Amino acid sequence: MPNIRARLLVVLVVLSGSLTVAGTPSATATAATVPDSLSFDGTPLTVSGGRFTDALGREVVLRGYNVSGETKLAENKGLPFASVADAKKSATALRALGGGNSVRFLLSWAYAEPVRGQVDTAYLAAAADQMRAFLDTGIRVYPDFHQDLYSRHLFDPDSWYTGDGAPQWAVDAGNYPDESCGICFFWGQNITQNSAVKAGQYDFWHNAHGLQDAFLTTAQRTMTYLKENLTTAQFAGVVGFDPYNEPYAGSYASGENSRSWERDLLWPFYVRFRARMDAAGWQDKPALVEPNLFWNANIASQKQEGGLLDAGALGSRYVLNTHFYDQKAISGILMWGKAADGQYAGDFAAVQARAAAAGTTAVVSEFGHPLAGTVADKAPTVLKAMYQALDSRVKGASWWNTPAASGPVLSGQQWQWDIYNGRHRELMNGNPDKVLTAGDAWNDEDLSAVRLDDAGRAALRQDARLLDRVYPAATSGATLAFTYEDRSRDGSTTLTWNPVPASLPNTAQLVGSGQYGLLVWRSAGGTAPTELHLPASFPTASTTVVSDLAAVHAPPAYTTATPVGAAPEPGGAGSRRLLLTGPGTATVHYALVTNGANAPSASLLSAARSELSAWVAQKLG
């Protein structure tokens, strides 16, 4: 929910496409094997020991993007894409350019249930077909019934703002007042200032007119459809379900506050949604539940007590799911200058702490920053600091001295991945005189990390060094510490927040001015390898690995007998991974991977290995 008013002038390109109709082959059909899969790939995820884990017991980190804000628009009838071909193009690019292994896949209640009590199976079929494009590219998916400002249908054709979520019939049932935000500078102010938006949200949470009942029935039918129409292998790639985007009370009843609202209204809704998941055959998948939207706001006047504090132990059936935007930076007033090393370490550590206290894991399912407008100059540092905080609770300047405080690596999906950025044709609130083409075509937002170039190819709008990152996609055991220095750029300036210290001269020489990642983990006796995503900036010929398992330049192709090897990632997109096979139980392993060395000598590799082994023994052994 980034609150921005930014405009980007672009060329108008009219999109065209068709929707898949009902009649998609069911899950009984034989699924094609995902290209480049190995024996340990593609197993379902569960939550165990406060982590996402696969069937082989590996700790899994989900990184990727939201697909996409296009679902909020009418131009493609509530779908992320105009066609399955576009979905496939997007999925391939997300894997190859964006380095993602997962997406939050947006769905629309308004299009799923346009008539009360009647689920549009043609919409569900089209959504399932587009979802398959990602699943068949080896990308894990979790659907999200999205809403912002309750519903598009609350807003007048000439309004300054719009929303998404609830169907027209749900708005008609409420007979809400004419919408008005009053004096608003950001679209998000409608949440607390627009009486129509507040009333709609209030009615939903109090089940007025049976709204919540209807939503839950549609959600169950949607989940049942997906379970029946995805193949077994595809359904294994579905992580879980995000029931409701950015929940807020609308207004509090007399004597009610944010914490009691979470306890008495929000949490019971999630329990009801969880029961619908079970009835639809999703009993082994978690509900990714969001607290009160404002529970972790970084502006004191906006922050409200919450975080599902009274829900008890969430355990394996729920995941703490939250968003984070730096509203101070977005305001243009409350944070002057750029973000700095460790800026969001405390914010993201608070998310991890809340999840740990609830006995589950966490995912930051939205984070980002405007890429156009008056605060766009902050984006390179804000996003670097957010990714840094996902990777570690310790800022770069302190990481080498206190790696044990690094904590688990957080999963997260950046907002957003919209290939139509700058090429929309959206009639805002159905008004033919307000055709939106610029940016994300929704409330002046412009946050997409991708666009299509003039040749129709996906192209990044942000520094590839920032987006396509080394991260531990699967760890055979438990992560003890992780860091990644991306050397991303702010204009012409290379940002280096975590240099290798002078106390490790051989390691520093090996890394040089290159990018590097360092993972330390404790094995748990598993046979499947630990897996690090290798960005496109780490071609095999330029990649060096220094590990207790081996020290190699240009790692060989992976085999079960190779302790350090490279292999394609599943999906056939051309993305790659480093696979590390470490023996033993409760054995501490480490691996540094860098693209900074040019044919390093055996003596340098050996010296760096000795340095790192001593450092690990001292700091984490």
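Visitor: What covers the buried residues of helix α16?
Guide: Their cover includes α13 (396-399), α15 (505-511), β19 (516-524), β21 (544-547), β22 and β25 (585-594), where contact means heavy atoms within 4.5 Å. Helices (H or I, at least four residues) and strands (E, at least two) are DSSP runs, numbered from the N terminus. This is a predicted model, in which local features need pLDDT of at least 70, side-chain atom pairs count only at pLDDT 80 or more, and totals for chains, interfaces and linings use all residues. Residues are numbered from 1 along each chain as its sequence is written, and side-chain values use heavy atoms, leaving out hydrogens and water.

Visitor: Which residues of α16 are called buried?
Guide: Leu-604, Leu-605, Ala-608, Glu-611, Leu-612, Trp-615 and Val-616. Buried means under 20% relative accessible area, exposed over 50%, and partly exposed in between (1.4 Å probe, protein chains only).

Visitor: And how do you know where they lie around α16?
Guide: Look down the axis: the buried residues fall within an arc of 130°, so they line one face of the helix. That arc is taken from the directions from the helix axis to the C-beta atoms. On the face turned away from them are the exposed Ala-602, Ser-603, Ala-617 and Gln-618.

Visitor: Why is the pair of Phe-40 and Tyr-558 called edge-to-face?
Guide: Rings of Phe, Tyr and Trp (its six-membered ring) pair if their centres lie within 6.5 Å; planes under 30 degrees apart count as stacked, over 60 as edge-to-face and the rest as tilted. By this rule there are 38 aromatic pairs. For Phe-40 and Tyr-558 the centres are 6.1 Å apart and the planes at 85°, so the pair is edge-to-face. The two residues are 518 residues apart in the chain.

Visitor: What makes Phe-40 and Tyr-558 count as buried or exposed?
Guide: Phe-40 has a relative accessible area of 6% and Tyr-558 has 17%, so with a cut-off of 20% Phe-40 is buried and Tyr-558 is too.

Visitor: Why is Lys-285 said to sit over the ring of Phe-235?
Guide: A charge sits over a ring if NZ of Lys or CZ of Arg is within 6 Å of the ring centre and within 35 degrees of the ring normal. The charged end of Lys-285 is 4.3 Å from the centre of the Phe-235 ring.
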